[in-house]
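Please look over the sequence and the model shown here before reading on. The paragraphs that follow go through the chains, their parts and the places where they meet.

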Amino acid sequence: MTVLRRLLLVEWSGLALAIAVGVVVLALISPNFLTEFNLYVMLRSFCVGLLVGFAQMVTLGVGQMNIAVGAIGGLVAIAFGGIMEKLGVPIILAVPVALLIGAGGGLINGLLTVRTGINGFIITLATASAFTGINFGITQSIPFYKMPAPLVAFGERHIGIFPYLLVAPLIVAAVLSLFFARTVPGRQLLAFGGNAQAAELSGIARGKVVVLAHVLSGTLAAIAAVLAVAQLGSAQPTIGADWLLLSFAAPIIGGAALTGGYISVLGTMFAVVLIALIENGLVLAKVDPYWVQFLLGALILAAVGLNRWRAVTAGAG
Amino acid sequence: MTEEAIGDVSVQRRRATIGGGPAQLGLFVILIGFWIFFSSLAPGFLSSFNLFNLGREVARDIVIGFAQMVVLATGGMNLAVGSIGVCAVMTAGTLMQTFALPVPLALAGALLLGALLGWLNGFAIVRSGVNSFVITLASANLFSGAMLILTRAVPLNALPPEVGAFGRLKLAGSVSPLLVIALVIGAALFVLYRYSTLGRRILAAGANPRAAAMSGVPVNRVIVISHTLSGLLAAVAGMMVVARLGAAMPAVGGEEWLLPSFLGPVLGGTLLSGGAVSVIGTVLGAALVTTLRSGLLVLQIGSYWLQLFLGLILLLAVLIDRYRGLYAERMRVVRSS
Amino acid sequence: MTSVDAFMRAVAVRSFVCGFALTLGAGFAGASDNKIALIPGGPHPYFAPWEQAAADAKKAFGIAAVDFKVPTDSKLNLQTELIESLAAQGYKAFGIFPGDAVGINSTVTELKSNGIAAAALAGCTQDPTDVALCLGTDVYNSAYLGTKELIKAMGGKGNIVHLAGLLVDPNTTLRENAVQKAVDETKGAVKLIQTVADTDAQEAADQKINALLGSQKDQIDGMIATGYIPSVVASKSLRTLGDKRIKFVGIDDDKIVLDAIKDGFVAGTMAQNPYGQGYIGAYVLDLLASGTCTMKADAPWIKTPQTAHFIDSGTMVINQQNLTTYKDDLKKITADIQGKFKTTYMTCK
């Protein structure tokens, strides 16, 4: 098999190609694109997005959906900020608490879905409303502004072009890859997503798998929320409000099956990077604001078309 | 209508059932239950003013729900529902105001555009083989974007007065003609899916595309038809909004319609995986959520905490429905043994 | 449910930092039994002072109820649902921040046909409209003045970028025009090189503004933000960059913006008068609802691109000079407007 053929067979190579093309085009359009500061800004802009994509990716893996991913994010963000500002909890304690809250939210979602047998879509829709309600009830829409300096610094510092923030999604990506490829629970999750009946017949407990997926999803959303607070420098109740569409778009463009059973960590990452690149590029290219949305749609279509062409070529050749 | 345990690929689930089953009856009972609950705590809930406004809200949510439902039937999704809606709105407004066309002509133009945009989605999906989620995600941005470019986001608020007057029209003191239109559309869809060949084919294609293709169902054509219908319905919802507001604004529709478009159908029993729809369920599902929101407002739940109560009560409602269904199932087994 | 609601409201009122305690109440003729509602566009820190203003107006003017009711999300249909529900519950007058300048008009017309008064506060509805008045900041003028202030801070020449709000908001178009007008008046000395829209949501603003600074900070000499959130995000970004060369003028008085002005990263911000809008709004709505007064047709209205019935609630530039005193200045303006309101704008029995 030639190298090219092998490359074409890789799921996400179309996306990688689209990203490469995009980078070249933007570097040509804007002289400042390849400066250290701009590359740092770009890398920083998709840290939160990567985790949001992962959060939905794990639920898609079992054939579930988590509509509450943004709501959990918002609630964790203000809880995280609130306990630090109002209760003086140090960062080192606040972060695990935040993750626990996210996991707890996911646990509620998972248990409700499993115990009641009601479609996870509805359950997470209802809990999303509830979590958002708690969020706004506590904050009355006023953000927590006094975040500890080390946290804010973490959100801003960088080594060369690499922001400190990037560490989190990279570690998570590595862990998730290992989890789904090598560990028993991970593989059980995907097996169940692919064919629930066969999985159950071979002894995989539905309850365990679904709850695990939701807990993971909630925890990942919590990590995203913590990063968002660090990035923004304040705990905003509106964190997570825009996450839903991206959380689905990234894994699905990255190759995940909506029905479950197949996900791609790298694919999800490339999808997030591509979307961020397009959005940043539109600002860089000084696109007329009235054209921004149209071009966003056109570019998504182009990227997906490229990937599709790749799949067809690889299959047909 | 059988329950849908997640990931459960039982054959029963795949059977195409439409409306009138025990699940929809349960939803109806719950809806009435909440009406009784809210009106006993706050008599204002049943005032003709409140009922009228409720009716208008529900009408729009029902039609948006239908627009998504007809695509869910084929096993896909339409993320461009709101986008097509706002395009139809601005088209109608432009035709009425800028080109001074008579209102019925402008409406027809807008509906035609909606159908056309829906057709584009369907065509792109079957030709490219890319799944409907991604195609309609891209097209939602394309359509909204084109609308922004063409209209420069200028709202049109000098429409012929009949338009706003129709939105404010009251039949029998508390019923909006918009609600009547929504229910008539529902009846038509009910007939489509239960009694017509096309409807059966759509459901078959959604339930199991390969089997359907092998038994002669033109799966691709059916998908295109469903998306065209979806676009048309989204345009109808857009027209309702224009009547309600008496103006054509670029700020309506869009992403706002996404969640409500799924909520009605899914609550009502339409399967996200395709192959089974419930028209009556969609109507009841949309009505339930609007009722809950309206009821909580009437009860004067604190503004910021309202979302929490909405979520909890929604959960309660589906739990009651679920356990009622299980109980009925159990009783049936007991009785038959 | 209602006791939870009352408790929550009491907690919120008490925990309020901005304690303007105006004790006017000049010559009100006894308590009124009207229920007034102040309806913001959605949950947003800008409207926080309305809660205190409502409580103060209730006390000062003896109104039966002045309630601050927030739609659960910044969506027009949620706002109209809320208003309609409250109208069915007996509220006699509404002070509304229009969820959409055009879209809210049909609801206002319906209220009017039911004998319920409505006023647009903090933002105007687009004519033709049935609101009794619009008390707020002249959106166009504020953007115009802000841009002129920015140009002044830049020394009269350079390249500027406009950070704007939602493209589908009619106010955004007005602001774009105003910025362009101020730029045109410099006859080419200042150039508007880019407008970045849809920056009125936190995470989108963070991504777009940082992208802008990342790619073009050397080409930009000034930025004007005509939205609350881009103002906050830009202030923070300039501080992070350590940049004092790029001049920035924003809007509203969020703490982050004020601190940035103090430390020299931001040139100034356009203050609005949210407290005054709520306070005076409640006062006027009460008079309208009782039928005691009506608006004078020939009052000294200001004509804006949006409406012919505009009353300015006070707008000013906050910069390093008046950073500590601007709140008092606004208080004075509020007292002034409220004291003279009846005689200037209304015909009363």
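Two residues are said to be in contact if their C-beta atoms, placed from the backbone, lie within 7 Å. By that rule, and leaving aside residues up to four places away in sequence, Val292(A) touches Leu282(A) and Val287(A). All of this is read from a predicted model rather than from an experiment. Val292(A) has its place in helix α15 of chain A, and because 24 other C-beta atoms lie within 10 Å, where 20 or more are needed, Val292(A) counts as buried.

Between chain A and chain B, 45 residues of chain A are in contact with 44 residues of chain B. On the chain A side, the elements that give two or more residues are α6 (91–116), α7 (120–139), α11 (196–201), α12 (206–232), α13 (243–253) and α15 (292–316) of chain A. Among these, α7(A) gives the most to the side that touches chain B, with 14 residues. Sorted by class, that side of chain A holds 25 nonpolar, 18 polar and two charged residues.

Chain A also meets chain C, where 27 residues of chain C are in contact with 31 residues of chain A. Seen from chain C, the elements that give two or more residues to the side touching chain A are β7 (190–196), α7 (202–216), α8 (228–241) and α9 (255–262) of chain C. The element that gives the most to this side is α7(C), with twelve residues. Here the residues of chain C divide into twelve nonpolar, ten polar and five charged.

In chain B, one helix can be followed from end to end. Just after α13(B), Gln300(B) takes a positive phi of about 60 degrees.

Chain C can now be considered as a whole. It has eleven helices and 14 strands, and its C-alpha atoms fill a box of roughly 60 × 45 × 35 Å along the principal axes. Chain C has 349 residues, so a compact globule would have a radius of gyration near 20 Å, and the 20 Å of chain C agrees with this. Of those 349 residues, 60% count as buried. Among the contacts in chain C with a separation of 6 or more, 74% join residues 24 or more positions apart.

How is chain C divided into domains? The domain assignment gives domain 1 (2–137 + 273–315 + 327–348) and domain 2 (140–271) of chain C. The centres of these two domains of chain C, taken over C-alpha atoms, are separated by 29 Å. Where the domains of chain C meet, twelve residues of domain 1 are in contact with ten residues of domain 2. The side of domain 1 of chain C that touches domain 2 has six nonpolar and six polar residues, with no charged residues.

Definitions and conventions:
Residues are numbered from 1 along each chain as its sequence is written. Chains are lettered from A and ligands numbered from 1 in the order in which they are written. This is a predicted model: local features need pLDDT of at least 70, side-chain atom pairs count only at pLDDT 80 or more; totals for chains, interfaces and linings use all residues. Helices (H or I, at least four residues) and strands (E, at least two) are DSSP runs, numbered from the N terminus. Ala, Val, Leu, Ile, Met, Phe, Trp, Tyr, Cys and Pro count as nonpolar, Asp, Glu, Lys and Arg as charged, and the others, Gly among them, as polar. The radius of gyration is taken over C-alpha atoms; the globule rule is 2.2 Å times the number of residues to the power 0.38. A residue is buried if 20 or more other C-beta atoms lie within 10 Å of its own, exposed if 12 or fewer, and partly exposed in between; C-beta atoms are placed from the backbone. Domain bounds come from an automatic or database domain assignment.
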